[in-house]
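Subject: Structure handed over, with notes

Dear colleague,

Please find below the structure I promised to pass on to you. Could you open it beside these notes and follow along as you read?

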Amino acid sequence: MEGEITGLDNVCRSLDALRKVCPAAAREAMVVCGEHCKALAFRYAPRSPTMANHARHLKRNKTTTARKFPGNLEKSIECEYDEKHASVFVAQNAHCVSRKGYNYAKKIHDERGKSWQNLGPGSIAKGGKVGDKFILRAIQDSVDWCFRSIDGRLKAVLAGTWRR
């Protein structure tokens, strides 16, 4: 996954200061930032169409009994954190892995224009900023929010108002 995230130097400096003063507050800051980025990635992730969306876009009547289960990519977004790092990712054994073992999260995230072009009816119905690079864009859009969150916790710890 390529892409440059700007503004992380301020976040890293604040996190280092917070980690030195209070490791518990640093861990809580990473939990809050990681969960915020995960929630935003969930909102940005494309969604498979529901049966109603799928049937509406067919030019003929659907005769198969196959069922569509939308949201597997969204359910697959996970987050891990400690006092130093927070990671938002899709695991290799996630919900979005096909029966043949192919994880389509990387394809959806990185290959727009190569292996897929347009959003489907489920993603269009979801609205918003749905599309490719959903994890990267979520992190980029959250940098300022995370900086303010970490900085606020650091100020609270230094002022002696933060309690565990």
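Helices (H or I, at least four residues) and strands (E, at least two) are DSSP runs, numbered from the N terminus, and two strands pair if DSSP finds at least two bridges between them. This is a predicted model, in which local features need pLDDT of at least 70 and side-chain atom pairs count only at pLDDT 80 or more, while totals for chains, interfaces and linings use all residues. Residues are numbered from 1 along each chain as its sequence is written, and side-chain values use heavy atoms, with hydrogens and water left out.

Strand 1 and strand 2 form a hairpin with 4 residues between them. Strand 1 covers residues 77–81 and runs antiparallel to strand 2, to which 5 bridges join it; in one of these strands, strand 2, Phe89 is the bridge partner of Glu78.

Turning to the helices, the axes of helix 2 and helix 7 (lines fitted to C-alpha atoms over the stretch in contact, with angles from 0 to 180 degrees between N-to-C directions) come within 8 Å and cross at roughly 155°. Helix 2 and helix 7 are therefore roughly antiparallel to each other, a label that applies to angles over 145 degrees. Their contact has 17 nonpolar residues (Ala, Val, Leu, Ile, Met, Phe, Trp, Tyr, Cys and Pro), 4 charged ones (Asp, Glu, Lys and Arg) and 3 polar ones (the others, Gly among them).

With kind regards

Technical notes. Angles under 35 degrees count as roughly parallel, over 145 as roughly antiparallel, 65 to 115 as roughly perpendicular and the rest as oblique.
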